[in-house]
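Let's take a walk through this model, starting with the whole chain and then stopping at a few residues. Keep the viewer open as you read.

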Amino acid sequence: MPNVDATPPDSRGWLYPAALIACVITAVRVVLLAANKTDLFVDEAQYWLWGQELAFGYYSKPPLIGWTIRAFTELGGSDAEFWVRLPAPLLHGATALLLGAIAAPRAGRSAAIWITVTYLTLPMVSFGSLIISTDTIMVPFLALALLAWWRGLDIGGSHAWSILAGLALGLAFLAKYAAIYYVLGAGLAAIFLWQARPGWGPALSAAAAFLLAISPNILWNLANGLSTVEHTLDNADWVRAPGERAQLNLTGLAEFLGAQFFIFGPVLFAALLWLGFRYGKQPAERRFLLFLSLPILATVSLQALLSEAYANWAAAAYLAATLLVVPWLLQGRASWLRGNLVLNGSVALLLPLLTVFGTGLRLGPEGDLLLARYLGRSEMSQTILDIAAREGVDVVVADDRDVVADLFYFNRGGPIAVYARPETGRPSNHYVLKHSLPEEVTGPILYVRKRNRQPGNCAVPLLEHIAPEDGAYARRSQKAFLIDSGCLH
């Protein structure tokens, strides 16, 4: 995006210090990740399973996260939690340097370095470096797409840069469908800013490259009953029947917006809102970045108001937002930026240390474990497998997605077969879709469920009640029954 009114800033020498900072922070995160004492969360375990079953799509997400995990576990020769999660800190480190590369020719050396370190210490990035998630896989490709698109705008439109932007955005889309927000943002920017218009030719080149990149997932969805699309609509369930399901959830909206102050950091999020409020007084480059951030926040806020929204659903907004807010704070407000670094940097250090030394910490003297959702999963799986071995059965079936996911991961390569309970109608999760109990399985099985009663007409007594005092299953106890497999078909 040409800026004819300003002298190009000096960007020389930004890469070495920025890369050094990124490498040091990433190396520390990798070391602490190796000492991490938490179990894979249910979503992480599911993503690992996808990596064992390479495809162009899966029940609830596009395929790139499964491919990435498979690549790293093959590289490490291990399916341990460390190798499943290792892509996270590495990809965030790469994203930080891509953002620095975007900023350097526009805002100069100092801004590029500050953007690198600011991104790496964002709370969402600090947490995202401890787990493997689709946001983490998406963001480096979003950053590359933005870099290429903006380079094309700088020269008034470019087929080469537009094709790169389209391919990168397509890969981001194959990580998480939220990447489509960038199409919305770039389109709005082109409508309202002449500087954001690449010309019809480059725009069509980008669209063609994007469609080419995502076509395998489109074809997979068409061949699998639009499974991922249906799940996405489930998340925004009010769109299926707005008159019946939409409601004004003011509490949900307040919670979502409040969470953004933590995810992005209070100083940065307040600055973003202030710049958005003063949109009319901002130069073209800032307006362009506002179009790539605020519409995402507005869209997810609407979802939170009409139904519900998780805090991370607006994560795509904070790449452009970091590029926008940091240079603005550097112009006479550097003390706020330094304060933000101290605050976010403290969180960045605390979070990984908690996973190593804080697994016994509680929310109050008699409260739950602070990291409860990431603890006790392997113990639950081991208990279930021990019961199956004791009863002499080699098939375990469960109706709780968390239990099935944990069992598949913890039992990997084991002698006991694990299945989800079959369901009628549209499958409720990936395990029901791809790993339901086959009808050809006969004989006694161990059936584990959340409810106290046995299924259907199978009048069998409760075999065991598994009720851990702590961890992920402290309030999600499981009941084990020894039944004939025919009861579940």
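Setting aside residues within four places in sequence, Pro 63 is in contact with Ala 55, Phe 56, Gly 57, Tyr 58, Leu 174 and Asn 217. You'll find Pro 63 in the loop that runs between helix H2 (42–52) and helix H3 (64–76). Is Pro 63 buried or exposed? Its relative accessibility is 1%, and buried means under 20%, so Pro 63 counts as buried. For a sense of scale, pick Leu 369 as well: Pro 63 and Leu 369 are separated by 306 residues in sequence, and their C-alpha atoms sit 33 Å apart in space.

Now for the overall picture, and bear in mind that this is a predicted model. The protein chain has 22 helices and five strands. Its radius of gyration comes out at 24 Å, close to the 23 Å that the globule rule gives for 489 residues, so the chain is as compact as a globular protein of that length. If you draw a box along the principal axes, the C-alpha atoms of the protein chain fill roughly 80 × 50 × 45 Å.

How much of the chain is tucked away? Buried residues account for 53% of the 489 residues. The protein chain still exposes about 21500 Å², and carbon and sulfur atoms supply 63% of that area. As for how the chain meets itself, take the contacts between residues at least 6 apart in sequence: 75% of them join residues at least 24 apart. On the charge side, there are 35 positive and 35 negative side chains, and the centres of the two sets lie 11 Å apart.

Next stop is Asn 221, which belongs to helix H11 (residues 200–223). With 3% relative accessibility, Asn 221 counts as buried. Which side chain does the side chain of Asn 221 join in a polar contact? That would be Tyr 177, at 3.3 Å. Leaving out neighbours within four places in sequence, the contacts of Asn 221 are Tyr 177 again, plus Leu 226, Ser 227, Thr 228 and Val 229.

Move along to Gln 282, in the loop between helix H15 (266–277) and helix H16 (284–291). This one is buried too, by the numbers: Gln 282 has 8% relative accessibility. A polar atom of the Gln 282 side chain lies 3.0 Å from the backbone oxygen of Arg 278. Not counting residues up to four places away in sequence, Gln 282 touches Leu 275, Arg 287 and Leu 290.

Last up is Arg 286, found in helix H16. Is Arg 286 buried or exposed? At 18% relative accessibility, Arg 286 falls under the 20% limit, so it counts as buried. Its side chain makes a polar contact of 3.0 Å with the side chain of Gln 331. Gln 331 also turns up among the residues that Arg 286 touches once those up to four places away in sequence are left out, alongside Leu 324 and Trp 328.

Notes: Residues numbered from 1 in each chain as written. Predicted model: local features only at pLDDT ≥ 70, side-chain atom pairs only at ≥ 80, totals over all residues. Heavy atoms only, no water. Helix = DSSP H or I, 4+ residues; strand = E, 2+ residues; numbered from the N terminus. Rg over C-alpha atoms; globule rule 2.2 N^0.38 Å. Buried < 20%, exposed > 50% of the residue type's maximum accessible area, 1.4 Å probe, protein only. Contact = heavy atoms within 4.5 Å. Areas by Shrake-Rupley, 256 points an atom, 1.4 Å probe, with all protein chains shown as cover. Lys, Arg positive; Asp, Glu negative; His and termini not counted. Charge placed at Lys NZ, Arg CZ, Asp CG, Glu CD. Polar contact = N/O pair within 3.5 Å; in protein donor to acceptor, adjacent residues only side chain to side chain.
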